[in-house]
Protein chains: 2
Amino acid sequence: MPSRLRIGRETFHYKWAKSHKPVLTIGDGDTVTFEINDVASWQLTEDSKSRDIDRLDASKLYPLAGPVFVEGARPGDALIVETVSVKTADFGWSAIMPGFGLLEEFKKPYLYKWRLKDKKFATFEKGIKIPIRPFCGVLGVAPPERGSFDVMPPGKHGGNLDIRHLTAGSRIKIPVWVDGALFSAGDVHAAMGDGEVCVCAIECAGEATLRFTLERNSSLRWPQYLTEGDAKPKRGYYVATGIAPDLMAATKESVRNMLDYLTKSYGLTREDAYVLCSVAADVRVHEVVDQPNWVVGTMISRDVFPE
Amino acid sequence: MPSRLRIGRETFHYKWAKSHKPVLTIGDGDTVTFEINDVASWQLTEDSKSRDIDRLDASKLYPLAGPVFVEGARPGDALIVETVSVKTADFGWSAIMPGFGLLEEFKKPYLYKWRLKDKKFATFEKGIKIPIRPFCGVLGVAPPERGSFDVMPPGKHGGNLDIRHLTAGSRIKIPVWVDGALFSAGDVHAAMGDGEVCVCAIECAGEATLRFTLERNSSLRWPQYLTEGDAKPKRGYYVATGIAPDLMAATKESVRNMLDYLTKSYGLTREDAYVLCSVAADVRVHEVVDQPNWVVGTMISRDVFPE
């Protein structure tokens, strides 16, 4: 019979490595609840200020819960991870971190703190309300190479995918690269937009309950997933385009145009507009074939704004 | 009182140019119905074959209905174009055109022909049904530069934006660059996915009714728009990721992985899978900040597949 198991928040690691000793062994079909520390390992609290961003100890970013050894998982299989539920702590934060994020013109650290006691909406500036849709930014397995690897870049092992659609009910398939898969989870996000443009979602601690099954001899090369998708907003989307011969340039231009719109229409500071895009606006590629210019759209649900 | 006007399908032009003589003069608030020829100017019909793609006369691509002179429109204003309705003809086509499209490995021309008599769904191979959501691929104004310009690349004048969200009820703001704006419309699409990856939507002739208003002294630099957004699919989305340090490479990888999935799971040929992605799958940027790897997802509604 499948077991329900738990990994406590005192158990975590900071790197991907196939040499990691598993903290739990499970079977095909088991469900595990992971207690997850926030991405900065509690270095940021309700008392923190923007200047504390510069003082973050980078070696304490991305504490991951795990690794879990899945009995029978072998290289060539796929691990299917169903997100059963994700709960958030009552405190969250979003930061602009110079040197990271999409837009290089943001050169000063900035910290925005969120109250997450209400589990449906997080209140932002100017009466803006962000719907809470929690998911794990990191869902991954050990890569096949020897050595230990930073959590930051996602890859064929999954990892720091930051896919906002991996909310409760979603199922992601990740290729298995080592015996037992060595799965870990981390980086709970209370809400995020496609793109995560300022480099942060609503970052928080939390708890994720995940169910694991195996697909034998999968030919999967990269993660694939199922998600229920977004509800249609009552008031539609506002969209700012960016058009350029380079997809990254078009993406930046599109986000900058959205920042222009948000600052002008809602009186947000440029920093707050950037954070709002990161937690609530979606970057979509409208066309990537009309040579030589590609069209990218940054879309925000108008339901987040006060009526 | 605002007028309701019409431009017949015998009136069209093939280039953007501020020297074009307008075919119609309208006022702020007027509504115009544009009869629109298909993007290949009737060179492809129900009798056409894949080999006819190579014989297309490129000088007859993108016939645009217009231009319309909007009285009072001046450089610095924005033209707001509301799509009131778009109707499709009963025949449509999608083509793979070597040298165009996202994926360079498609080296042979391929033509898929659609019946569009049913105005709700277009039937594809293997019982797949594509919901009809018509819009104009081209909505644009004359650019400020002297000379005449190809329709293909979109730009700050709008033009061949290929934004699938510009269906009935949407409103797009386009910067005005010349007196009277000189607006034209074209390229009716019965359905398209974000990305338009194979270079074609469901291409067809049709009729678009558009309403025009002016915003004075707008500081708009690029098109922005309002759209109602998609309904939530009943059976969710299937998503294939692509992960790479270059956004274009990640996009290509994501679409290739979706093609692997579609060919394997539904028995489609690779060509048909590519066409299906182009007309029904959306390219979204999941994260563009987890240095050095970006995650792109190609998402297809599972409602298109037979139950």
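**Strand pairing across the chains**

I looked up the bridge partner of A:L226 in β17(B) and found B:Y238. I then checked the strands around this pair: β16(A) and β17 of chain B, residues 237–244, run antiparallel and are joined by four bridges. I note here that the model is predicted.

**Confidence**

I read the scores before going further. The predictor assigns the complex an ipTM of 0.97 and a pTM of 0.97. For chain A the average pLDDT is 97, and 99% of the residues score at least 70.

**Interface between chain A and chain B**

I asked how many residues each chain gives to the contact. Chain A supplies 67 residues and chain B supplies 67 residues. I also took the buried area: about 5600 Å² between chain A and chain B, with 53% of it on carbon and sulfur atoms.

I picked out the salt bridge formed by the side chains of A:E228 and B:K232, with an N to O distance of 3.5 Å.

The elements giving two or more residues are β16 (224–227), β17 (237–244), α1 (247–266), β18 (281–287) and β19 (294–301) of chain A. Of these, α1(A) has the largest share, eight residues. By residue class, I recorded 33 nonpolar, 18 polar and 16 charged residues on the side of chain A that touches chain B.

**Cis peptide bonds in chain B**

I checked omega at two prolines of chain B. The bond joining B:G66 and B:P67 is cis, with omega about 0 degrees. I placed B:P67 in strand β5, residues 64–70, of chain B. The bond from B:Q291 to B:P292 is also cis, with omega near -5 degrees. B:P292 sits in the loop between β18 (281–287) and β19 (294–301) of chain B.

**Positive phi in chain A**

Which loop holds A:K126? I found A:K126 between β8 (121–123) and β9 (129–131) of chain A. Its phi is near 55 degrees, a positive value in a residue other than glycine.

A:D162 belongs to the loop between β12 (158–159) and β13 (171–175) of chain A.

Methods
Residues numbered from 1 in each chain as written. Chains lettered and ligands numbered in written order. Predicted model: local features only at pLDDT ≥ 70, side-chain atom pairs only at ≥ 80, totals over all residues. Heavy atoms only, no water. pLDDT = per-residue confidence, 0-100. Contact = heavy atoms within 4.5 Å. Buried area = accessible area lost by both parts, 1.4 Å probe. Salt bridge = Lys/Arg side-chain N within 4 Å of Asp/Glu carboxyl O. Nonpolar A, V, L, I, M, F, W, Y, C, P; charged D, E, K, R; others polar. Pairing = 2+ DSSP bridges.
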